[in-house]
Amino acid sequence: YSQDNFGEDLIFNPRGGGIYYWDESSGTGTRAVNITDLAGASNAPTVALQVMVSDTDQHVIAFGSNPIGSSNIDPLFVRFSDQQNAADWTPTATNTAGGVRINSGSQIIGAIQARQEILIWTDVSLHSMRFIGSPFVFEFTRLSSDVSMISPNAAVNARGSIYFMDKGNFYVYNGSVQPLPCPVKAHVFSNL
């Protein structure tokens, strides 16, 4: 599962499943609903690998989701809703909804919120997603083409630095990707 706050409400998603919205004002006795069933829902993704709410601009972001017009998951496709609107996913000239396909790898492994950007790991690379406003909304930049993440939850944000585990090393990202010195690295990776 991945989950994030949308104001006082909750957005969550089982990996490879639907995206759900729980409204706090309805109380704890109510169940979450699929975002496709929200009032005013427009082209909301039906499946995703991970979901997140951008903390700087309040877009709901689906990583590894189905493109508009398809029910099949594209494991490299990133979609985002209109700003401050979890129901509207249809890109128009008057909103900020949209989508971009990451151009390297075969699937998105995971994503994490960093300082003024979101980091996205594919199985072969690391990318930055930065809010830049209209008309392009987000800018995607490849940060490294020789690192990945060992699993969807193998990264943590600690005091502005992102620490993560790859299939063969530990790394830190604080503006650039750097390997971490680790005296137990051989023990950890030889026993996986």
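Reader: What makes Arg-101 and Asp-74 a salt bridge?

Author: This is a predicted model, and in it the closest N and O atoms of Arg-101 and Asp-74 are 2.8 Å apart. The rule asks for a side-chain nitrogen of Lys or Arg within 4 Å of a carboxyl oxygen of Asp or Glu, so the pair qualifies. Arg-101 sits in strand S8 and Asp-74 in the loop between strand S6 (60-63) and S7, 27 residues apart.

Reader: How many salt bridges does the rule give?

Author: Two. Arg-130 and Glu-117 form a salt bridge too, with the closest N and O atoms 3.5 Å apart; that is within 4 Å, so the label holds. Arg-130 belongs to strand S11 (residues 126-133) and Glu-117 to strand S10 (residues 117-122), 13 residues apart. Glu-117 is buried at 6%, while Arg-130 is partly exposed at 32%.

Reader: Back to S8. What makes S7 and S8 a pair of strands?

Author: Four bridges join strand S7 (residues 77-80) to S8, and the two run antiparallel. Pairing takes at least two bridges, so S7 and S8 pair. In S8, Arg-101 is the bridge partner of Phe-77.

Reader: Which strands make up the sheet, and in what order?

Author: It's an open sheet of four strands, ordered S5-S6-S7-S8, with antiparallel pairing. Strand S5 (50-53) and strand S8 (98-101) are the edge strands, as each pairs on one side only. On average, neighbouring strands of this sheet are turned by 15 degrees against each other, direction ignored.

Reader: How many aromatic pairs turn up in the whole structure?

Author: The search finds eight. One of them is Phe-80 with Phe-138, at 4.8 Å centre to centre and 70 degrees between the planes. Centres within 6.5 Å make a pair and planes over 60 degrees apart count as edge-to-face, so this one is edge-to-face. Phe-80 lies in strand S7 and Phe-138 in strand S12 (residues 137-144), so the pair ties together parts that are 58 residues apart in sequence. Phe-80 is buried at 3%, and Phe-138 is buried at 6%.

Reader: What is the geometry between Phe-131 and Phe-138?

Author: Phe-131 and Phe-138 are 5.8 Å centre to centre with 70 degrees between the planes, an edge-to-face pair. Phe-131 is partly exposed, with a relative accessible area of 35%.

Reader: What do the side chains of strand S15 do?

Author: In strand S15 (residues 170-173), Phe-170 and Val-172 point one way and Tyr-171 and Tyr-173 the other, and all are buried.

Reader: How is S15 linked to S14 and S16?

Author: A hairpin joins S14 to S15 through four residues, and four bridges hold strand S14 (residues 161-165) antiparallel to S15. Met-165 has Phe-170 as its bridge partner. S15 and S16 form a hairpin with three residues between them, and Gly-175 in the turn has a positive phi of about 110 degrees.

Methods
Residues numbered from 1 in each chain as written. Predicted model: local features only at pLDDT ≥ 70, side-chain atom pairs only at ≥ 80, totals over all residues. Heavy atoms only, no water. Axes fitted to C-alpha atoms, helices over the stretch in contact; angles between N-to-C directions. Buried < 20%, exposed > 50% of the residue type's maximum accessible area, 1.4 Å probe, protein only. Phe/Tyr/Trp six-rings, centres within 6.5 Å; stacked < 30°, edge-to-face > 60°.
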